[in-house]
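Biologist: I'd like to go through this model with you. Could you bring it up?

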Amino acid sequence: MLSRLLVRYISLIVVIILLIFSRSLPAQAANIDPYIARYLHITEQITVDLDGQGNTKEFSPQQLSHGKQLFASNCINCHVGGATLPDPEVSLSLTKLKQATPPRDNINGLVAFMRQPMTYDGSEETYWCRQLAPSVLSQQQVENLAAFVLTAAKKAPGWGTEVFAN
């Protein structure tokens, strides 16, 4: 009697453990970066503002994962967690992106900036940010990168935080 109860108890524990760990398996199996699934809560296709005029473009979790990889290889040295190390007052928060001239809170605006980086007020070229020419990244790659930044700005805890605790 005690051995049956013990077997049932162990079986229940195994089932609970499998349920807990299986929640992340579909995302990993589909080549979705764990950050995309866990912190941005993206496991299906999403729409992202294309141009500030009501037009949108769809991005898959895999495209956002690719965008995150591109961010890590091209942007993270200066934009850790959406902050902007060379100019801490201009983060990659959605508010700051929207207030830039021209606005950078949509795919086309952010892509235009990445192709030809301008100062926050749009008055002149800036060399603080790396230019991503078409010979470096394709249009789809830059759009994936922009979609990742915009989605992180909307959903990631602490993204673009301008004040850090001591």
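**Pockets, rings and a helix**

Biologist: What volume does the second largest pocket have?

Modeller: The second largest pocket has a volume of about 170 Å³, a volume being the space filled by probe spheres set on grid points that are joined across faces, edges and corners. This is a predicted model, so to speak of local features pLDDT must be at least 70, and side-chain atom pairs count only at 80 or more, while totals for chains, interfaces and linings use all residues. Residues are numbered from 1 along each chain as its sequence is written, and side-chain values use heavy atoms, with hydrogens and water left out.

Biologist: Which residues line that second largest pocket?

Modeller: Its lining is Y35, K68, F71, A72, I76, G81, F148, A156, P157, G158 and W159. A pocket here is an open set of points on a 1 Å grid over the protein atoms alone, where a 1.4 Å probe fits, with protein on both sides within 12 Å along at least five of seven lines; lining residues have an atom within 4 Å of a point.

Biologist: Which helix gives the largest share of that lining?

Modeller: The largest share of the second pocket's lining, three residues, is from α4. Helices are DSSP runs (H or I, at least four residues), numbered from the N terminus.

Biologist: I see rings in that list. How many aromatic pairs are there in the whole structure?

Modeller: The search finds five. Rings of Phe, Tyr and Trp (its six-membered ring) pair if their centres lie within 6.5 Å; planes under 30 degrees apart count as stacked, over 60 as edge-to-face and the rest as tilted. One of the pairs is Y35 with F148, which is tilted, at 6.2 Å centre to centre and 55 degrees between the planes. Y35 sits in helix α3 (residues 34-38) and F148 in helix α7, 113 residues apart.

Biologist: Is F148 buried or exposed?

Modeller: F148 is buried, at 2% relative accessible area, whereas Y35 is partly exposed at 22%. Buried means under 20%, exposed over 50% and partly exposed in between (1.4 Å probe, protein chains only).

Biologist: What else does F148 pair with?

Modeller: F148 also pairs with W159, edge-to-face, at 5.8 Å centre to centre and 85 degrees between the planes. W159 is in the segment after α7, so this pair ties together parts 11 residues apart in sequence. W159 is buried, as is F148. One aromatic cluster takes in Y35, Y39, F71, F148 and W159.

Biologist: Switching to the largest pocket. How much space lies in it?

Modeller: The largest pocket holds about 570 Å³. It is lined by 29 residues, and the closest to its centre are H79, T84, L92, F113 and C129. α6 gives the largest share of its lining, three residues.

Biologist: Where does T84 lie?

Modeller: T84 is in the loop between α4 and α5, and it is buried at 12% relative accessible area. Its side chain makes a polar contact (N or O atoms within 3.5 Å, one able to donate a hydrogen and the other to accept it; residues adjacent in sequence count only if both atoms are side-chain atoms). The partner is the side chain of H79, at 3.2 Å. The T84 side chain also reaches the backbone oxygen of V90 at 2.5 Å.

Biologist: And α6, how many of its residues are buried?

Modeller: Seven of the nine in α6 are buried, so the helix is largely enclosed by the rest of the structure. The buried residues are I107, G109, L110, V111, F113, M114 and R115. At the start of α6, a side-chain oxygen of N106 comes to within 3.3 Å of the backbone nitrogen of N108.

Note on methods:
Helices (H or I, at least four residues) and strands (E, at least two) are DSSP runs, numbered from the N terminus.
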